[in-house]
Amino acid sequence: MAESTSGVKRRSIEHPWRVFGYTTAFCFGIGTLVTLLAGGNFVANLAVSLAIGWSISGCFHLLGPFFDNWLGLYLGPAPVTAIGLAVGLVIAGLITFQDPLYFFTFGNATIYLGIFFGILGFIFFGTRARMVHAEADLAQANAKQAQQEKLLAETELKLLQAQIEPHFLFNTLSNIAGLIHESPDTAEKTLLNLTTLLRGSLNRTRQQTTTLAQELEIAQAYLEIQSTRMQGRLHYTLNAPANLNNFPLPPLLVQPLIENAIKHGIEPSEEGGDISVSAEQQGNN
């Protein structure tokens, strides 16, 4: 249960072993991806990845509540990620080169990669923090009958907006790693779609409304990733008139429908299937 301090709710803490497991799996994916992209020794790349990942995770555990209360739940993860990245680079330098400042002096490429994956870590851990916060709000809403309906609706929306399935993220990164040598163009396209999906998911946690064009952009990125993963078993079409691009919608109205269609309709079928998303305006609605 979250505690209230100066009107700002502190981050609820997940089970440490669950966070450790997510972080370790994420770091293994990054270590593999860096080795495939940049070469080098896999063990050394994995050591650097784990040093950075565990440091960022530890900083979220130790410093997260302080920065949440100081900067809020949306800005708080940024300095925590930066501190964790710096600490991780120091530890990685000690482990791999016995020089804590090695990556700040000679390892510019590693710093750039660290910043990139630090951003992914910021999105991942920040999103999970908002998920835990939303769950705490939901529990609190059940105890306040007078505000129950309003708080319940707002909390469920935040939970949907904040949710990025870790397994989907790991599987997509694994697919990218597997495509790098076989089909570099497809790997690059999938990485760009993943970036679009993550950026859109993060932006929608800060918005009460979105537009049809924005929803379809995120839906297309998600469908492209799933189409690549399913290797020809998924085909889709998106069709919406240009005059409806700015039509306002609640966030995450389209993507959950597509996810359910893939999960319950296409994935169980050996032949796969087609998904068609279209929009039209009827009357003045």
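Helices here are DSSP runs (H or I, at least four residues), numbered from the N terminus.

The model is predicted: local features need pLDDT of at least 70, side-chain atom pairs count only at pLDDT 80 or more, and totals for chains, interfaces and linings use all residues. Residues are numbered from 1 along each chain as its sequence is written, and side-chain values use heavy atoms, with hydrogens and water left out.

Helix α2 covers residues 42–71. A kink of about 60° lies at L63, shortly before the proline P65. The bend is the angle between axes fitted to the seven residues ending at a residue and the seven starting there. At the N-terminal end, N41 caps α2. A side-chain oxygen of N41 lies 2.8 Å from the backbone nitrogen of V43. Just after α2, G72 takes a positive phi of about 100°.

Helix α3 (residues 77–97) packs against α2, with axes that come within 6 Å and cross at roughly 150°. The two helices are therefore roughly antiparallel (angles over 145 degrees). Axes are lines fitted to C-alpha atoms over the stretch in contact, and angles run from 0 to 180 degrees between N-to-C directions. The contact of α2 with α3 has 21 nonpolar, 6 polar and 1 charged residues.

A second pair comprises α9 (residues 212–230) and α10 (residues 255–266). Their axes lie 9 Å apart, at an angle of about 20°. Helix α9 is therefore roughly parallel to α10 (angles under 35 degrees).

Notes:
Parallel < 35°, antiparallel > 145°, perpendicular 65-115°, else oblique. Nonpolar A, V, L, I, M, F, W, Y, C, P; charged D, E, K, R; others polar. Polar contact = N/O pair within 3.5 Å; in protein donor to acceptor, adjacent residues only side chain to side chain.
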